Amino acid sequence: MNTKTEIEKSAPSIVKRPAEARGRAELGWLHSRHTFSFGNYFDPDHMGFRSLRVINDDVVEPGQGFGTHPHRDAEIFSYVIEGELEHRDSMGNGRVIKTGDLQYISAGRGVQHSEFNPSKTKRVHFLQIWLMPGSSGGAPRYAEKSLGELAKYNQLMLLFAGKPQEQAVEIRADADIYYGKLDAGGSLKFTSKAGKGQWLHVISGDLSVLNEDLKPGDGVAIENAGIFELKSTAKAEFLLFDLS
């Protein structure tokens, strides 16, 4: 017979992180919103969720960017929402990541990179995301992912996976990262396995899940939900992190 405590532990929960509650950094050339503690923004109640450590929503002015700086023991993802992002790193990679494309760096035992807006007239708007790896060290890795026509409405597209899976980039974390988009009135269902938790970040449009209504920049932590449905009245674009 289940005790009250056991029932409470297994009850579905959802905790919303509103866009307007995020930390802020305004540096003139950089306009950033921090879902979790980062840089000069520290909030002990928002240090991350499971292995997800950083979601920074960044807008960089034309011709500006982040100079060469080091990372280690971090799984780093960038998703360009609008504009272009120029990347260079100590592995010899030099790329311009365009709207709708993603980039992945596994910093491993150490890597240096820079990120700049190559445009002289347009801002770049992108998400930078960090996950903690399952173990430290190892040679750094680099990969890119283009959504293109592979991303279908009312479906989830697996971008990055902790284990080898077709069309997904394998990462050094026990996590699966999905891109999703819904059309007007669209919906889809997600099944959570035992012991997993999900973080949902809304990129654009409107989304509802487990009786929470979400707008761009909102995030939610989901625990013990089993099967849950995501719905949109207009259109929506989002990232779903399935985390151990």
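Helices (H or I, at least four residues) and strands (E, at least two) are DSSP runs, numbered from the N terminus. With that in hand, let's start the tour.

This is a predicted model, in which local features need pLDDT of at least 70 and side-chain atom pairs count only at pLDDT 80 or more, while totals for chains, interfaces and linings use all residues. Residues are numbered from 1 along each chain as its sequence is written, and side-chain values use heavy atoms, with hydrogens and water left out.

**Stop 1: the whole protein**

Show everything as a cartoon. You will find 1 helix and 22 strands. The radius of gyration (taken over C-alpha atoms) is 18 Å, close to the 18 Å that the globule rule (2.2 Å times the number of residues to the power 0.38) gives for 244 residues, so the protein is as compact as a globular protein of that length. Turn the model around: its C-alpha trace spans about 60 × 40 × 40 Å along the principal axes.

**Stop 2: Gly48**

Next, select Gly48, in the loop between S3 and S4. Phe36 is 12 residues from Gly48 along the chain, yet their C-alpha atoms are separated by 5.6 Å.

**Stop 3: the largest pocket**

A pocket is an open set of points on a 1 Å grid over the protein atoms alone, where a 1.4 Å probe fits, with protein on both sides within 12 Å along at least five of seven lines; lining residues have an atom within 4 Å of a point. Grid points are joined across faces, edges and corners, and a volume is the space filled by probe spheres set on the points.

The largest pocket holds about 300 Å³ of space. Select Leu30, His34, Phe38, Gly39 and Phe66, the closest to its centre of the 18 residues that line it. Then colour strands S2 (23-26), S3 (30-34), S4 (52-60), S5 (65-71) and S11 (124-131), the elements that each give two or more residues to this lining.

**Stop 4: the second largest pocket**

Here there is about 250 Å³ of space. Which residues are the closest to its centre? Select Gln165, Asp176, Lys193, Lys196 and Asp242, out of 14 lining residues. Finish on strand S15 (175-182), which gives the most to this lining, with 3 residues.
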